[in-house]
Number of protein chains: 2
Amino acid sequence: MPPSPKPPRAAGRAKPRQSDIARAAGVSQATVSLVLRGAATGVVLAPETRRRVLRAAEDLGYVPDPVATRLAAARNGMLGLYTFSTTFPTDVAHSYYPVLVGVEEEAAAQGQDLILFTGASRAADDSGDAAAVRRVRAADGCLFFGRHVPEDPIRRLSEDGFPFVYIGRREEPGISYVGADYVSASAEVAARLAAQGHRRVRYLRENDDAPASTDRERGVVEGARDAGLETAGLVERTDGGDVDARLARWRGEGVTAVITEETDTGAALSGLTAAVARAGLACPGEVSLALLGTATAAPAGAAPALGGEISGFDVPMREMGRAAVRLLLDLIEGEAAPRRHLLACEPVSGATIGPPAPAN
Amino acid sequence: MPPSPKPPRAAGRAKPRQSDIARAAGVSQATVSLVLRGAATGVVLAPETRRRVLRAAEDLGYVPDPVATRLAAARNGMLGLYTFSTTFPTDVAHSYYPVLVGVEEEAAAQGQDLILFTGASRAADDSGDAAAVRRVRAADGCLFFGRHVPEDPIRRLSEDGFPFVYIGRREEPGISYVGADYVSASAEVAARLAAQGHRRVRYLRENDDAPASTDRERGVVEGARDAGLETAGLVERTDGGDVDARLARWRGEGVTAVITEETDTGAALSGLTAAVARAGLACPGEVSLALLGTATAAPAGAAPALGGEISGFDVPMREMGRAAVRLLLDLIEGEAAPRRHLLACEPVSGATIGPPAPAN
DNA sequence: CTGAAAGCGCTTACAG
DNA sequence: CTGAAAGCGCTTACAG
């Protein structure tokens with residue numbers, strides 16, 4: 001004998017609902033709702049009625065059903081968070097986390113819950129993403145995060161007027177985002193090196209093109225030019241595997257400082273620090289190093305850092321998360337047209353920038 | 001002219017519903033529901049109808065509303081995750097994250113979405129939690145995580161037969177959990193110290209009582225006894241601020257090794273390592289150190305570790321997250337009575353345990 | 001000031 | 001095989 005099919009409700013006194021209270025207090029269910037929601041709608045009830053309803057609610061141990069409340073409110077009180085990963089979650093863990101913290105903080109402050117949409121876990125192509133991105137509509141609106149993004153599904157969302165905002169700058173017009181001002185921050189790093197006396201530096205970036213990388217390169221180049229650094233041969237690209245040879249060559253060319261960028265793979269950075277360590281170079285004694293972006297916590301088992309914090313700037317990940325939530329809510333409320341925010345990055349002095357060694 | 005009062009819905013055709021599909025496909029809304037839920041109910045529709053409905057759903061980008069689905073007394077394919085924090089999120093960030101990764105992985109593998117329920121942001125008391133915990137019902141079931149837990153709201157959930165599982169051992173009977181076997185792992189650490197030749201050690205734990213801490217202490221005490229360590233004066237409590245004086249005293253008493261525990265505040269551990277550093281003691285040369293639990297990544301700006309990984313054991317956070325998801329799904333399916341799992345912790349040899357310095 | 005009605009978006013017997 | 005109806009528990013105009 002299978003248990004009764006419908007009621008998954010536990011045996012015993014079922015949960016009281018507004019209609020139970022209404023019966024007990026001799027009023028209508030709608031009145032109960034009005035009393036319980038307080039003067040949210042500005043409605044004022046007769047004190048006596050109020051009292052009776054409140055009393056009955058108390059007696060019955062009434063607790064509103066959150067699901068029904070949300071359905072009736074025409075919003076589900078849930079914000080989506082969709083992360084595009086180039087690799088599997090563990091690797092991007094550290095860059096993902098601070099954003100999540102910010103998003104969660106602000107969501108909590110705004111009384112919103114979060115639906116964590118797991119992107120196409122392992123699918124490298126966009127095919128799996130399309131379906132995954134679609135599911136995002138289950139929320140009132142959605143936050144997107146990740147260097148790369150499947151364009152088609154997103155465009156569709158946009159056309160349908162579904163509210164969403166990117167965390168990170170985007171090229172596509174008409175799309176809201178909250179990003180970091182990489183251009184200014186990167187330029188400032190170049191200027192800092194120049195101020196220390198460097199003239200010939202290299203910017204080692206990754207092959208991977210993403211708005212964040214584009215902005216950093218632009219900042220470095222403009223900053224270098226404005227600060228009087230040499231710009232010829234300034235930028236080089238790597239996948240992280242060939243840095244030793246480059247480093248040797250640079251030394252021969254009289255390069256005294258190297259700037260690199262942080263990405264979700266961390267390839268350029270780890271390649272560079274490893275090469276410097278293998279070459280036995282003192283930092284900043286023999287070569288100054290700077291990093292564009294926040295160095296993510298070293299993965300367990302990684303080589304210890306260069307004996308101190310890397311100089312560069314901090315990306316305000318957490319604040320970006322918070323700002324994105326606020327913007328998304330504005331969008332959901334229908335109050336805002338698409339908007340873009342660029343947040344300033346905090347310079348990090350660190351321990352890896354010093355004056356260049358005297359020319360030999 | 002105020003905008004139309006009701007629709008907070010974004011301009012344009014936002015979220016399509018079943019009725020929209022019905023209109024497009026020329027069938028009733030109920031038929032749409034039947035088609036979309038698949039043969040879940042065993043109902044078979046005419047292939048042609050099926051096709052038309054599916055097509056329209058696809059065209060419109062339909063996604064079921066999880067809240068409505070749930071209200072209509074069905075499952076919505078979403079699992080909740082609720083975290084109780086003793087302090088604000090940033091501090092527990094690192095202990096929280098590995099669990100989240102595991103939960104997310106397994107949820108994705110099982111085709112479930114994850115709702116992150118945001119707890120009462122700053123409320124230290126249980127009052128705010130009650131309402132927050134209640135919202136959890138929007139999911140099919142929920143995972144709870146955190147050292148401390150508001151008992152009343154949880155009991156309520158339990159009475160109502162709402163499926164949930166704790167991540168971490170719990171005392172309350174009838175509650176499912178997936179925890180770590182701290183007792184065995186802690187005993188093993190004591191045995192390891194004994195095997196190195198230590199006889200007089202101290203266990204420095206925090207004041208905060210939680211099942212995890214209780215279990216660790218029990219393991220240390222039992223392990224010490226079984227391995228022939230002195231047990232008199234073995235356990236001391238701290239809030240992390242007074243370790244220098246203790247350390248000096250211990251040295252005077254002939255203590256050669258100190259065990260401490262990892263918690264979400266990390267107070268005992270950071271107090272201890274700082275004290276050892278200030279005292280200029282070589283580790284493990286002059287004092288061996290062991291940690292019960294996984295050392296969370298050092299917060300940015302923290303003092304560098306003791307020159308290597310701390311000896312102790314690893315808490316299988318990620319695997320706990322995964323196992324908890326699996327158990328929760330069993331519960332939701334109604335297949336399991338409350339169940340408890342204790343996962344083994346992997347010993348970490350580390351670099352901070354060595355033989356005691358010869359007695360002077 | 002309060003009640004009756006409609007509706008949030010979906011599921012599920014129950015009739016045709 | 002499909003449609004019409006009722007209902008999940010609540011909110012919100014709209015009438016009295």
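User: Let's take contact to mean heavy atoms within 4.5 Å. Which residues does Glu206(A) touch, not counting residues up to four places away in sequence?

Analyst: This is a predicted model, where local features need pLDDT of at least 70, side-chain atom pairs count only at pLDDT 80 or more, and totals for chains, interfaces and linings use all residues. Residues are numbered from 1 along each chain as its sequence is written, chains are lettered from A and ligands numbered from 1 in the order written, and side-chain values use heavy atoms, with hydrogens and water left out. Glu206(A) sits in strand β6 (residues 201–206) of chain A; strands (E, at least two residues) and helices (H or I, at least four) are DSSP runs numbered from the N terminus. Its partners are Arg237(A), Thr238(A), Glu261(A), Thr263(A), Thr265(A), Gly266(A), Ala267(A) and Ala268(A).

User: Is Glu206(A) buried or exposed?

Analyst: The cut-offs are under 20% relative accessible area for buried, over 50% for exposed, and partly exposed in between (1.4 Å probe, protein chains only). Glu206(A) comes out at 7%, so it is buried.

User: And how far is the backbone nitrogen of Ala268(A) from a polar atom of the Glu206(A) side chain?

Analyst: A polar contact is a pair of N or O atoms within 3.5 Å; within protein, one must be able to donate a hydrogen and the other to accept it, and residues adjacent in sequence count only if both atoms are side-chain atoms. For the backbone nitrogen of Ala268(A) and that side chain, the distance is 3.1 Å.

User: Over to the interface: how much area is buried between chain B and chain A?

Analyst: The size of an interface is often given as the accessible area lost when the parts come together. Here buried area is that loss (1.4 Å probe), summed over both parts. The contact takes 51 residues from chain B and 50 from chain A. Carbon and sulfur atoms give 59% of the buried area, which totals about 4,500 Å².

User: Which residue of chain B forms a salt bridge with Arg135(A)?

Analyst: A salt bridge needs a side-chain nitrogen of Lys or Arg within 4 Å of a carboxyl oxygen of Asp or Glu. The two chains share 2 of them. In the one made by Arg135(A), the closest N and O atoms are 2.8 Å apart, and the partner is Asp113(B).

User: What is the bridge partner of Ile115(A) in β2(B)?

Analyst: Strands pair if DSSP finds at least two bridges between them. Strand β2 (residues 113–118) of chain A is joined to β2(B) by 3 bridges, and they run antiparallel. For Ile115(A), the partner is Ile115(B).

Key: Buried area = accessible area lost by both parts, 1.4 Å probe.
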